[in-house]
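Please consult the sequence and the structure shown below while reading.

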Amino acid sequence: MKKYIYILILFNFAFSQFETTGNDFIERYPHNWQEWNKVSPQMQINEQWYTGYIAGWLEGNQKTAIQFGDYTKKNMVAKVDGMGVNQIIRLVKKWCDDNPHKTHLPLFDILWEVTNSLE
């Protein structure tokens, strides 16, 4: 039984780091970088992490919408069709700038709000 408790505690520490908020996004993402070579290695890592997070969220949302049959209603990828990840990142940044009182929300909630507000 102790083994299971230790494993659960280990997973708790490991997965508690995954919740990223809008404040984290504003603070860590290099919003105004011009040349990739002039950005610090940590900022390059942050840019890749947030780009992957947003692309993964969109892919997961699309697969879930297909699985549950709400493809036209709940598929946020259809609402951002034709947009690149960088454009979606700019939309998230604008949303965070316009709603500073909501940036404490998890980033996946903010992504839902941003994509759901698009027509």
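How do the residues of the lining of the largest pocket divide into nonpolar, polar and charged? In this predicted model, the lining comprises 4 nonpolar, 2 polar and 2 charged residues. The points below treat that pocket and then the aromatic rings.

**Largest pocket**

- The volume of the largest pocket is about 170 Å³.
- Its lining consists of Y29, P30, H31, W33, N86, I89, R90 and K93.
- Y29, one of the lining residues, has a relative accessibility of 7% and therefore counts as buried, the limit being under 20%.

**Aromatic pairs**

- The model contains 5 aromatic pairs.
- F25 and Y29 form a stacked pair, because their ring centres are 5.5 Å apart and their planes meet at 25°, which is under 30 degrees.
- F25 is buried as well, since its relative accessibility is 0%.
- W49 and Y53 are also stacked, because their centres lie 5.3 Å apart with the planes at 25°.
- Ring pairs join F25, Y29, W49, Y50 and Y53 into a cluster.

- Helix 3 spans residues 41–68 and contains both W49 and Y53.
- These two residues are 4 positions apart in the helix, a separation of about one turn.
- W49 counts as partly exposed because its relative accessibility is 39%, between the limits of 20% and 50%.
- Y53, by contrast, is buried, because its relative accessible area of 19% is under 20%.

Conventions
Residues numbered from 1 in each chain as written. Predicted model: local features only at pLDDT ≥ 70, side-chain atom pairs only at ≥ 80, totals over all residues. Heavy atoms only, no water. 1 Å grid on protein atoms, 1.4 Å probe; cavity = no way out; pocket = protein on both sides within 12 Å on 5 of 7 lines; lining within 4 Å. Points joined across faces, edges and corners; volume = space filled by probe spheres on them. Nonpolar A, V, L, I, M, F, W, Y, C, P; charged D, E, K, R; others polar. Phe/Tyr/Trp six-rings, centres within 6.5 Å; stacked < 30°, edge-to-face > 60°. Buried < 20%, exposed > 50% of the residue type's maximum accessible area, 1.4 Å probe, protein only.
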